[in-house]
Amino acid sequence: MIAEKRQKLWGRWRSWRAPLEDPRQLVPAGARQAGVALRVVSYNIHKGWGPFNRHLTIAEMREALRELGPDLVLLQEVQGAHLGHAQRHPLWPAQPQHHYLGAEHWPERIYGGNLFHELGHHGNAVLSRFPVQDWANHDVSAHRWERRGILHCAMVLPHGLCLHVFCVHLGLRARWRRMQLERLRELIAGLPPRSPIVVGGDFNDWGREAEELLAAPLGLEDAFAAVGRRAPPRTYPARGLAFGRLDRLYVRGCEVHAAQVPRGRPWSHLSDHLPLVVDLALEGG
């Protein structure tokens, strides 16, 4: 019985994409005639649970994300399905978390499952107000007990622009992260050199290896460095004194107008990470 439910859930949720609205209605409010302005959020949502897994926060998380008003959302630790939680928690959403979070606000909701087990699966997701032309989920797992993926989406923006977006969640060990950064570098190096790029997610990088192994060789810029910050922001843990600079957002071919990390409530109790919020501008093609 569980196996039958699992097959049904996986087949339904791994590949479902929301119907597109008229692309003319997908242009963000800040878009200029000569280019496109957009707000990007990267957020490890801890599978919809608050710090220490004490409270289910997915409903509050949805409202908080909507209030930020992003055009593009990069999510890590997204629960695509979990039969046990669905049976035990009456407030557990009937939809996969990326659909629940994106409903009515982001018509494109792309999910890349990484870890699959008998009760469900979780992975990364990208929510977008813009049409997604193509996407792929790359398995970069370094160990069978720690499944990781890189979700790559090609977005169709107004004025003939194509934005390549990479949503990542890297491994816990440095050796595994180096292997994953090498694969990410290969994927980006294969794109046209003038393509605008956004790379965001939970890098689990306690040092600055991502800048040395990924950003510098490819000409990527840390969004917070672009606005004068000397180091990536502290985003972990969300509650109490944040000391881990684990979450990053790198760009190429984009102008960074602002970068911030919302702190305090509600963000301090929604997840174990804080989100990155970055405002970008891309020149028209």
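Which residues lie nearest the centre of the largest pocket? I began my notebook with that one, keeping in mind that this is a predicted model.

**Entry 1: the pocket.** I found Lys 47, Glu 77, His 122, Arg 148 and His 169 nearest the centre, within a lining of 28 residues. The space in this largest pocket comes to about 420 Å³. I then sorted the lining by residue class and got seven nonpolar, 14 polar and seven charged. Looking at where the lining comes from, I noted that strands E2 (72-82), E3 (108-117) and E4 (120-128) each supply at least two residues.

**Entry 2: Arg 248.** Next I looked up an arginine in strand E10, which covers residues 247-252. Is Arg 248 buried or exposed? Its relative accessibility is 1%, and buried means under 20%, so Arg 248 counts as buried. I traced its side chain to the backbone oxygen of Arg 245, at 2.9 Å. Leaving out residues up to four places away in sequence, I listed what Arg 248 touches: among them are Asp 205, Asp 222, Phe 203, Pro 232 and Leu 276.

**Entry 3: strand E12.** Leu 276 took me on to E12, which spans residues 276-283. How many of its eight residues are buried? I got seven, which leaves the strand mostly covered. I checked its partners next. Strand E1 (residues 35-44) pairs with E12 in the antiparallel sense over eight bridges, and there I saw Val 36 standing opposite Leu 282. Strand E11 (residues 255-260) also runs antiparallel to E12, joined by five bridges. In that pairing, I noted Asp 279 of E12 as the bridge partner of Ala 258.

Terms used
Residues are numbered from 1 along each chain as its sequence is written. This is a predicted model: local features need pLDDT of at least 70, side-chain atom pairs count only at pLDDT 80 or more; totals for chains, interfaces and linings use all residues. Side-chain values use heavy atoms; hydrogens and water are left out. On a 1 Å grid over the protein atoms alone, a cavity is a set of points where a 1.4 Å probe fits but cannot get out, and a pocket is an open set with protein on both sides within 12 Å along at least five of seven lines; lining residues have an atom within 4 Å of a point. Grid points are joined across faces, edges and corners, and a volume is the space filled by probe spheres set on the points. Helices (H or I, at least four residues) and strands (E, at least two) are DSSP runs, numbered from the N terminus. Ala, Val, Leu, Ile, Met, Phe, Trp, Tyr, Cys and Pro count as nonpolar, Asp, Glu, Lys and Arg as charged, and the others, Gly among them, as polar. Buried means under 20% relative accessible area, exposed over 50%, partly exposed in between (1.4 Å probe, protein chains only). A polar contact is a pair of N or O atoms within 3.5 Å; within protein, one must be able to donate a hydrogen and the other to accept it, and residues adjacent in sequence count only if both atoms are side-chain atoms. Contact means heavy atoms within 4.5 Å. Two strands pair if DSSP finds at least two bridges between them.
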